[in-house]
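Here are my notes on this one, as numbered points. Have the viewer open while you read.

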Amino acid sequence: IGDSVRTGDVLAVIESSDSLTPYELTTLIDGTVIDKHLTKGEAVDRDKQAFAIADLASVWVDCSVFQKDLDRVSIGKAVRVSAGRNDEEASGVISYLTPVVDQPTRTATARAVLANLEGRWRPGMFVSMRVLDPTAVALAVPHSSIQSLGSEQVVFVDDGAGGFAPRP
């Protein structure tokens, strides 16, 4: 588990119980072995999956959307995904939205596909997804630039004389 494999790589050699002929189990895709369901000496059932291989170059991010928020979520909307406070964010687009709401949770599922060439996103991670709703404004600054000065919220800007001055 965890090994990278290429199309045609031999994953295991099994032996027929009828003819004692060895057979190679090979992978049909490039990817990573994410699960293994056999051990050395174990009998293999034709209907049992021996290995699970996944192409993790891109991953799906599924997010629950409360029914009260469904009018703001649609296919094609830009999203930002993060896995925690200190992690970088990734950008994506909603590619799928379930057509029905799950009865017990009253949520729909929105899906975004993220590029994962560096392997940073792992299936099963807990993530947060924010739907972006851009609004045209004359001037925008990052939230982290806003400072409290007394009772005012200000941004420090270059004053042209080599210093910085607060602006509301």
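**Notes on the model**

1. Start with burial: 22% of the 168 residues in the protein chain are buried. Buried here means under 20% relative accessible area, exposed means over 50%, and partly exposed is anything in between (1.4 Å probe, protein chains only).

2. Some housekeeping before going on. This is a predicted model, where local features need pLDDT of at least 70 and side-chain atom pairs count only at pLDDT 80 or more, while totals for chains, interfaces and linings use all residues. Residues are numbered from 1 along each chain as its sequence is written, and side-chain values use heavy atoms, with hydrogens and water left out.

3. Now the overall dimensions. The protein chain has a radius of gyration of 25 Å, whereas a compact globule of 168 residues would be near 15 Å. That radius is taken over C-alpha atoms, and the globule rule is 2.2 Å times the number of residues to the power 0.38. The C-alpha trace spans about 85 × 45 × 25 Å along its principal axes.

4. On contacts (heavy atoms within 4.5 Å): take the pairs in the protein chain that are at least 6 apart in sequence, and 45% of them join residues at least 24 apart.

5. Surface and charge next. The accessible surface of the protein chain is about 12700 Å², with 52% of that belonging to carbon and sulfur atoms. The areas come from the Shrake-Rupley method with a 1.4 Å probe, and for residues only the protein chains shown count as cover. There are 16 positive and 23 negative side chains, and the centres of the two sets lie 5 Å apart. Lys and Arg count as positive, Asp and Glu as negative, with His and the chain ends not counted. Each charge is placed at NZ of Lys, CZ of Arg, CG of Asp or CD of Glu.

6. How many helices and strands does the protein chain have? The tally is 0 helices and 13 strands. Both are DSSP runs numbered from the N terminus: helices are H or I with at least four residues, strands are E with at least two.

7. For the pairing, two strands pair if DSSP finds at least two bridges between them. Strand 4 (residues 31–36) is joined to strand 5 by 4 bridges, and Thr-32 has Ala-54 in strand 5 as its bridge partner.

8. Strand 6 (residues 58–66) and strand 9 (residues 107–115) are antiparallel and joined by 9 bridges, with Ser-64 opposite Thr-109. Strand 9 also pairs antiparallel with strand 8 (residues 90–97), over 3 bridges; there Tyr-96 stands opposite Arg-111. Strand 8 in turn takes 4 bridges from strand 7 (residues 78–82), again antiparallel, and Val-79 faces Gly-92. Strand 7 has a further antiparallel partner in strand 10 (residues 128–131), with 4 bridges between them.

9. Ser-82 deserves a look. This residue sits in strand 7, and its bridge partner in strand 10 is Ser-128. Is Ser-82 buried or exposed? Ser-82 is buried, at a relative accessible area of 14%. Setting aside neighbours within four places in sequence, Ser-82 is in contact with Glu-88, Glu-89, Trp-121, Val-127 and Ser-128.

10. Two backbone angles to check. Most residues other than glycine have a negative phi. Leu-20, not a glycine, has a positive phi of about 60°. Leu-20 lies in the loop between strand 2 (10–15) and strand 3 (22–26) and is exposed, with a relative accessible area of 53%. Arg-106 also has a positive phi, near 55°. Arg-106 is in the loop between strand 8 and strand 9 and counts as partly exposed at 40% relative accessibility.

11. Last, Asp-55, in the loop between strand 5 and strand 6. Asp-55 is partly exposed, at 49% relative accessibility. Not counting residues up to four places away in sequence, Asp-55 touches Ile-29, Asp-30 and Gly-31. Asp-55 and Val-100 are 45 residues apart in sequence, and their C-alpha atoms are 29 Å apart in space.
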